[in-house]
Amino acid sequence: MNLIDKTSVDNSARDRFDRMYYEIRDRICLLDYSPGTRLSETELAEEFGVSRTPLRRVLVRLESDGLLQSVHGVGTFVTDVDITELEQTYLLRMELAELSGKLSPASPKQTMVEELNALSLRSKQLLKSPNAREFSILIMEFFLALLQLTENIPLREVSEQLYMQTTRIWLKSLFASVIDLGDEVAIFNRELDDILTALKLGDLQAVSLIQKAHISMSFTRMRVSYQNSENT
């Protein structure tokens with residue numbers, strides 16, 4: 001096999017890995033696979049048209065992300081999430097959000113601004129008819145778009161991993177009626193408008209501080225709501 005052929009195969013294998021990884025990760029984060037769900041390697045391998053060997057590599061990575069847990073002789077299960085257990089993760093996310101405006105900040109590309117404007121329109125449509133799943137997808141796309149504002153790759157990777165660990169808590173809170181979807185959509189709309197304003201001014205540090213404040217207030221709202229629900 002010549003170098004060109006080998007490169008083509010390597011790229012194809014990487015594409016398949018990424019496709020499986022992101023698809024399964026999204027299903028976990030959107031609660032399509034609820035906590036405690038046992039994943040069938042056989043069924044997933046058949047669905048994606050691969051052998052179990054590359055699939056297992058995907059599952060190992062998801063386990064390192066904290067989204068799966070492998071139990072020897074039993075199987076691979078979706079982990080559960082608890083706001084108390086992940087408090088330190090939220091605190092770290094806040095600090096990383098602020099760092100994104102300081103470590104290798106990158107000027108926003110026009111395509112990114114257009115993407116955020118499109119997300120803003122979708123968010124305003126959700127104000128009229130809130131939908132938890134659609135809103136969760138919107139927030140995920142919003143977060144991933146903002147990662148482009150730093151060229152520090154390790155910072156981006158850690159921020160993304162921690163976000164995926166905590167995002168299910170918010171969605172579980174909605175399904176449990178612990179927090180109000182309409183209120184959350186309205187709050188997100190204001191945050192997105194503020195970030196777009198800061199981007200137009202070229203103030204990336206302001207963007208990072210808005211993100212930090214959003215994470216802090218979101219965590220506080222959920223924690224207080226859980227405490228209130230336990231006391232009633």
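Reply: The sheet and its surroundings

Three strands form an open sheet in the order β1-β3-β2, with antiparallel pairing. Here helices (H or I, at least four residues) and strands (E, at least two) are DSSP runs, numbered from the N terminus, and two strands pair if DSSP finds at least two bridges between them. The model is predicted, so local features need pLDDT of at least 70 and side-chain atom pairs count only at pLDDT 80 or more, while totals for chains, interfaces and linings use all residues. Residues are numbered from 1 along each chain as its sequence is written, and side-chain values use heavy atoms, with hydrogens and water left out.

The edge strands are β1 (38-39) and β2 (68-71), each of which pairs on one side only. In general, strands of a sheet pair through backbone hydrogen bonds, either parallel or antiparallel. Strand β3 (residues 75-78) runs antiparallel to β2, and four bridges join the two.

The strands β2 and β3 form a hairpin with three residues between them, and in its turn G73 has a positive phi of about 80°. Most residues other than glycine have a negative phi. L31 is a residue other than glycine with a positive phi, near 65°. L31 is found in the loop between α1 and β1. L31 counts as buried because its relative accessibility is 15%; buried means under 20% relative accessible area, exposed over 50%, and partly exposed in between (1.4 Å probe, protein chains only).

L59 is found in α3, which covers residues 52-64. With 4% relative accessibility, L59 counts as buried. Apart from neighbours within four places in sequence, L59 is in contact (heavy atoms within 4.5 Å) with I24, L39, E41 and L68. By way of scale, L59 and Q227 are 168 residues apart in sequence and 34 Å apart in space, C-alpha to C-alpha.

A further feature of the model is its largest pocket, with a volume of about 290 Å³. On a 1 Å grid over the protein atoms alone, a pocket is an open set of points where a 1.4 Å probe fits, with protein on both sides within 12 Å along at least five of seven lines, and lining residues have an atom within 4 Å of a point. Grid points are joined across faces, edges and corners, and a volume is the space filled by probe spheres set on the points. The lining of the largest pocket has 16 residues, of which Y22, R61, R156, E157 and E160 lie nearest its centre. Two or more residues of this lining come from each of α1 (3-29) and α7 (153-175). The most, six residues, come from α7.
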